[in-house]
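Reader: I would like a close look at one part of this model. Please take the charged side chains and walk me through their pairings.

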Amino acid sequence: MAEEKHHHHLFHHKEGEDFQPAADGGVDTYGYSTETVVTATGNEGEYERITKEEKHHKHKEHLGEMGAAAAGAFALYEKHEAKKDPEHAHKHKIEEEVAAAAAVGAGGFVFHEHHEKKQDHKEAKEASGEKKHHHFG
């Protein structure tokens, strides 16, 4: 027996029915309004821009975290190499210090991006018109 498979869609239509928008721009054949709805805030473009910026800062924050971890790991490696290779210990100690400084710098970058992300999150809340609920105050 060959069974027919039905596709799952977001909007379920009965077989044989085609979507036909209303000519007057009012209500379609399924009873849904075809008019564009505009919200009271009017800041959708601003909200979208700010949330995109927030995601960008989050991505840069994660990249900074990986950089800090890599630089820290390299500093530890160079510290180990300085003990293991006494003939070139001075070179390894210098590379260890440079890597440690890079790790600290990357940590500062992460801190900065985290602050920017928080600031964008706050601006996005304000742009969306989200109400603040103050309890116990």
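Author: The model is predicted. It holds 6 salt bridges. Side chains of opposite charge can pair when their charged atoms come close.

Start in helix H1, which spans residues 44-84. Arg49 and Glu53 both sit there, 4 residues apart. That spacing is about one turn of the helix. Their side chains form a salt bridge, with 2.8 Å from N to O.

Glu95 is partly exposed because its relative accessible area is 27%. Lys91 reaches 48% relative accessibility, and therefore counts as partly exposed. Some bridges share partners: Glu46, Arg49 and Glu53 are joined in this way into one network.

Glu113 and Lys60 form a salt bridge, and their closest N and O atoms are 3.9 Å apart. This pair connects distant parts of the chain. Glu113 belongs to helix H2 (residues 89-128), Lys60 to helix H1. The two residues are 53 residues apart. Is Glu113 buried or exposed? Its relative accessible area is 3%, and the cut-off for buried is under 20%, so Glu113 is buried. Lys60 has a relative accessible area of 27%, so Lys60 is partly exposed.

Glu61 lies in helix H1. With a relative accessible area of 7%, Glu61 falls under the 20% cut-off and so is buried. What does Glu61 touch, leaving out residues up to four places away in sequence? The answer is Val110, Glu113, His114 and Lys117. Glu113 on that list is the residue that bridges to Lys60. With Lys117, the side chain of Glu61 also makes a polar contact, side chain to side chain, at 3.2 Å.

Methods:
Residues are numbered from 1 along each chain as its sequence is written. This is a predicted model: local features need pLDDT of at least 70, side-chain atom pairs count only at pLDDT 80 or more; totals for chains, interfaces and linings use all residues. Side-chain values use heavy atoms; hydrogens and water are left out. A salt bridge is a side-chain nitrogen of Lys or Arg within 4 Å of a carboxyl oxygen of Asp or Glu. Buried means under 20% relative accessible area, exposed over 50%, partly exposed in between (1.4 Å probe, protein chains only). A polar contact is a pair of N or O atoms within 3.5 Å; within protein, one must be able to donate a hydrogen and the other to accept it, and residues adjacent in sequence count only if both atoms are side-chain atoms. Contact means heavy atoms within 4.5 Å.
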